[in-house]
Amino acid sequence: MQITTTKIIRSARKTVVIEITPDGCIIIRAPKRLSMKAIEELVHGKDKWIRDKLQEIQRQQKLFQPLRFETGDKLWFLGEKYTFTVTDGSGMIYLQGDKHYFPREQLERGTEQLSRWYKKEVERILLARTEYFSGLTGIKYNSVKITSARKRWGSCSSKGVLSFSWRLLQAPLQVIDYVVVHELLHIEHMNHSRQFWARVEEILPDYREKREWLRQNRWLLMFLN
Ligand SMILES: [Zn+2]
């Protein structure tokens, strides 16, 4: 795999951190005065880790197949795989069995219509899940916003506004729950401290699996690009 860029960012930090972005760029965060030789050595020592990460990104890029809006295409809804099926029937988009029916007359504006369908579904599900976990934890939020984000599944603003990408609806419900709990808890902890993760674990003891699922399936964020 080709490494696109390696960027070194120097700052007042004390340690070196190597970061791989989802599109395969390597970013090295280093202290201001650390020599290039020392950085090179550190990166060299992390060689295997970097290679594994890049391979993982490559694997995910292979999994991603853009929707061509043709019968036989695959798409995901709540963790289940459906076969995209073009119909001549009524103007409705709907799921039945393992098929995702889509009217021919809407094909011209397919991306727009399909993302609108997902957004409508996501509102119903995400509002209910957020409300549920808010009641469970006693954490009050301001509002829920549905976005088309492609870089992240969810976020939380300092004003208590929770945002979720409608693309999250491709994930299983338990994974959606993890993202909801994660963002909701950010109202209490605006960081990823040990206390934050302990609180996540209290509510969802198997959250690590869900977090891993999201890592493994980041390519779903590219859906309907
Ligand atoms: Zn977070």
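Me: Is the crossing of α3 and α4 left-handed or right-handed?

Reply: The crossing of α3 and α4 is right-handed, a word for a near helix turned clockwise from the far one by less than a right angle. This is a predicted model, where local features need pLDDT of at least 70, side-chain atom pairs count only at pLDDT 80 or more, and totals for chains, interfaces and linings use all residues. Residues are numbered from 1 along each chain as its sequence is written, and side-chain values use heavy atoms, leaving out hydrogens and water.

Me: Why are α3 and α4 called oblique to each other?

Reply: The axes of α3 (residues 110-137) and α4 come within 10 Å and cross at roughly 55 degrees. Angles under 35 degrees count as roughly parallel, over 145 as roughly antiparallel and 65 to 115 as roughly perpendicular, with the rest oblique. So α3 and α4 are oblique to each other.

Me: Which residues of α3 and α4 meet?

Reply: Among them are Ile125, Leu126 and Phe133 in α3, and Ile176, Val180 and Leu184 in α4; contact means heavy atoms within 4.5 Å. By class, this contact of α3 with α4 has eight nonpolar, three polar and two charged residues.

Me: What makes α4 oblique to α5?

Reply: The axes of α4 (residues 173-185) and α5 (residues 194-203) come within 10 Å and cross at roughly 140 degrees. That angle makes α4 oblique to α5. The crossing of α4 and α5 is right-handed.

Me: Which residues of α4 and α5 meet?

Reply: Tyr178, Val181, His182 and Leu185 in α4 meet Phe196, Trp197, Arg199, Val200 and Ile203 in α5. Seven residues of this contact of α4 with α5 are nonpolar, one is polar and one is charged.

Me: Which strand gives the most to the lining of the second largest pocket?

Reply: Strand β4 (residues 74-77) does, with three residues. The lining of the second largest pocket divides into twelve nonpolar, five polar and four charged residues.

How values were computed: Axes are lines fitted to C-alpha atoms, for helices over the stretch in contact, and angles run from 0 to 180 degrees between N-to-C directions. Helices (H or I, at least four residues) and strands (E, at least two) are DSSP runs, numbered from the N terminus. Ala, Val, Leu, Ile, Met, Phe, Trp, Tyr, Cys and Pro count as nonpolar, Asp, Glu, Lys and Arg as charged, and the others, Gly among them, as polar.
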